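Student: Before we look at the model together, could you show me how to read its features one at a time, with the general idea ahead of each case?

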Amino acid sequence: MSEWFTVEQIDEDTYVISEYKHWEETHCYLLNGTERSLLIDTGMGIDNIKEIVNQLTDKPVIALPTHTHWDHIGGLQYFDEFYVHEDEEEWINGNFPLTLEYIKSLVIEEPCDFPSDFDLDKYEIFQGQPSKVLKDGDIIDLGNRKLKVIHTPGHAPGHICLYEEAREYLYSGDLIYIGKLTAFFPTSDPVIYNNSIKKILPLPVKKILSAHHDLNVPLSIISEISEAFDDLKIKGKLKQGSGTFSYPNFEIEI
Ligand SMILES: O=c1ccn([C@@H]2O[C@H](COP(=O)(O)O)[C@@H](O)[C@H]2O)c(=O)[nH]1
């Protein structure tokens, strides 16, 4: 097993594959169904995540990034079938707004014990044609498991969360996690981010499976983030350049 990835089992047919050595501390989730498996997010592409996935499922795998920032799409290169939300189809298909040189600088922004065969000169931003383009409300059927696509823009225009109603699992991507939530990129929008939080708020959730950092995400964080955004709205801070605001479990950078 690669030393780059860490694998933890969440329940009998759900795994989290993490890249803890890198400052982004990404998490990808493998959901095994009776007909097919779903890999939610694919990491940075620094090592081959498919080799890990192959040890955890013998079913055909659909790869699905929650959005197409570089640290979520790096592993798409290893999968024949992948889906993206319609609002980021252009980004994955030749028009991502950041240069490769800039992304490479992010890859090595902090010291990191990279795999011995990793070569930054050969690092690429994945580009390709999705096998399916998703929209809000679509259902992904794995056989015995169904995931609902919830369009939650704000961090990125085509950001999605996946909701598994039967287990009350929320795969929250970069919308909700412990750490710095970011709505300051030119393609982010803090008002829309707040609307996306409001979309998630009424869902019954037993487990939040986030894309970064600490996996023990308290369920209360959803309402805490919602209240924080509402407070910033009242104070007229929901516009870009307002700054970074700190709360017990998270920060919001706008
Ligand atoms: O406009 C942008 C968009 C993204 N980035 C960089 O990409 C990643 C985003 O990571 P997330 O995990 O999706 O938050 C991060 O390294 C950003 O710095 C950017 O620089 N500008």
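Tutor: Let us begin with the polar contact, which is a pair of N or O atoms within 3.5 Å; within protein, one must be able to donate a hydrogen and the other to accept it, and residues adjacent in sequence count only if both atoms are side-chain atoms. This is a predicted model, where local features need pLDDT of at least 70 and side-chain atom pairs count only at pLDDT 80 or more, while totals for chains, interfaces and linings use all residues. Residues are numbered from 1 along each chain as its sequence is written, and side-chain values use heavy atoms, with hydrogens and water left out.

Student: Which backbone atom lies 3.3 Å from a polar atom of the side chain of Ser210?

Tutor: The backbone oxygen of His212 lies at that distance of 3.3 Å from the side chain of Ser210. Strands (E, at least two residues) and helices (H or I, at least four) are DSSP runs, numbered from the N terminus, and Ser210 belongs to strand 13, residues 207-210.

Student: Is Ser210 buried or exposed?

Tutor: The terms rest on relative accessible area, with buried meaning under 20%, exposed over 50% and partly exposed in between, for a 1.4 Å probe and protein chains only. Ser210 has a relative accessible area of 1% and is therefore buried. A contact means heavy atoms within 4.5 Å, and, once its neighbours within four places in sequence are left aside, Ser210 is in contact with residues including His27, Tyr29, Ser172 and Val217.

Student: Where does His212 lie, and what does its side chain meet?

Tutor: His212 sits in the loop between strand 13 and helix 6 (221-234), and because its relative accessibility is 2%, His212 counts as buried. Its side chain is joined to that of Asp174 by a polar contact of 3.0 Å. Beyond its neighbours within four places in sequence, His212 is in contact with Glu24, Glu25, Thr26, His27, Asp71, His72, Asp174 and Tyr177. Of these, Glu24 is 188 residues away along the chain, yet the C-alpha atoms of His212 and Glu24 are separated by 6.8 Å.

Student: How should I read a pocket, and how much space lies in the largest pocket?

Tutor: On a 1 Å grid over the protein atoms alone, a cavity is a set of points where a 1.4 Å probe fits but cannot get out, whereas a pocket is an open set with protein on both sides within 12 Å along at least five of seven lines, and lining residues have an atom within 4 Å of a point. Grid points are joined across faces, edges and corners, and the volume is the space filled by probe spheres set on the points. Here the largest pocket holds about 620 Å³. It is lined by 26 residues, of which Glu24, Leu106, Thr182, Phe184 and Phe185 are the closest to its centre.

Student: Which helix gives the most to the lining of the largest pocket?

Tutor: Helix 2 does, with three residues; helix 2 (70-73), helix 4 (100-107) and strand 12 (179-182) each supply at least two.

Student: How are strand pairings read, and which strands are joined to strand 6?

Tutor: Two strands pair if DSSP finds at least two bridges between them. Strand 5 (residues 61-64) runs parallel to strand 6 and is joined to it by two bridges, with Ala63 standing opposite Phe82. Strand 7 (residues 132-134) is also parallel to strand 6, through three bridges, and there Lys132 is the bridge partner of Tyr83. Strand 6 (residues 81-85) is mostly covered, with four of its five residues buried.

Student: Which residue joins its side chain to that of Tyr169?

Tutor: Asp11 does, through a polar contact of 2.7 Å between the two side chains. Tyr169 is placed in strand 11 and counts as buried because its relative accessibility is 9%. Among the residues in contact with Tyr169, leaving aside neighbours within four places in sequence, are Ile10, Asp11, Thr14 and Leu209.

Student: What is the phi of Glu168, and where is Glu168 found?

Tutor: Its phi is near 55°, a positive value in a residue other than glycine, and Glu168 is found in the loop between strand 10 (160-164) and strand 11 (169-173). With a relative accessible area of 23%, Glu168 is partly exposed. Asp41 also has a positive phi, near 70°, but Asp41 is buried, at 2% relative accessible area.
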